[in-house]
Amino acid sequence: MARPEQDLQRALCRYLDRTLPRDCFYFACPNGGWRSPIEAAIFKGQGVKTGVPDIILAFRGRMFGLELKSEKGALTISQRAVHDQLRTAGVRVEVVRSIEEAAERLRECGIPISGRIAA
């Protein structure tokens, strides 16, 4: 089964590992995927929120979120709501569909990415 958003996330993480400055930290929020009702309730009770961006970055006291979407992918209602809440809290959240677009958005945020995107 094709999973373009997962493929994009794997490739983006490899790219970020090579190109981010040392004072930038990122992590993935694995909120997607199927959960049993019991597991979903446990996660919810532990503070897991649906709609959180796929990649969270911290750089010099600022926080950024990248939501990865395939070419035809659309935001869910919960993603829209959470992204709005994060923006209200001062977090920049961007929806990106390629490594190139992610790199461009991060540079716009002032994160000095080194190196080029591998072909």
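**Core packing, pockets and cysteines in the predicted model**

Leaving aside residues up to four places away in sequence, Leu 16 is in contact (heavy atoms within 4.5 Å) with Tyr 26, Ile 55 and Leu 106. The structure is a predicted model, in which local features need pLDDT of at least 70 and side-chain atom pairs count only at pLDDT 80 or more, while totals for chains, interfaces and linings use all residues. Residues are numbered from 1 along each chain as its sequence is written, and side-chain values use heavy atoms, with hydrogens and water left out.

Leu 16 also belongs to the largest nonpolar core, a set of 23 residues in which Leu 12, Leu 16, Leu 20, Ile 55, Leu 57, Leu 66 and Ile 111 have the most contacts. Such a core is defined as buried Ala, Val, Leu, Ile, Met, Phe, Trp, Tyr and Cys residues joined through side-chain atoms within 4.5 Å, where buried means under 20% relative accessible area, exposed over 50% and partly exposed in between, for a 1.4 Å probe and protein chains only. At least two core residues come from each of α1, β1 (24-28), β2 (55-59), β3 and α4 (99-108), the elements being DSSP runs numbered from the N terminus (helices, H or I, at least four residues; strands, E, at least two). The greatest share of this core, six residues, is supplied by α1.

The largest pocket holds about 520 Å³ of space and has a lining of 22 residues, with Glu 5, Asn 31, Gly 32, Gly 33 and Asp 54 nearest its centre. Two or more lining residues are given by each of α1 (4-19), β3 (62-68) and α3 (77-88), and α1, with five, gives the most. A pocket is here an open set of points on a 1 Å grid over the protein atoms alone, where a 1.4 Å probe fits, with protein on both sides within 12 Å along at least five of seven lines; lining residues have an atom within 4 Å of a point. Volume is the space filled by probe spheres set on the points, which are joined across faces, edges and corners. The second largest pocket, with about 200 Å³ of space, is lined by Asn 31, Gly 33, Arg 35, Ala 40, Phe 43, Lys 44, Val 48, Lys 49 and Thr 50.

With a disulfide taken as a pair of cysteine sulfur atoms within 2.5 Å, the count comes to zero. For Cys 13, the nearest cysteine sulfur is that of Cys 29, 11 Å away. Cys 13 counts as buried because its relative accessibility is 16%, and Cys 29 is likewise buried, with a relative accessible area of 17%.
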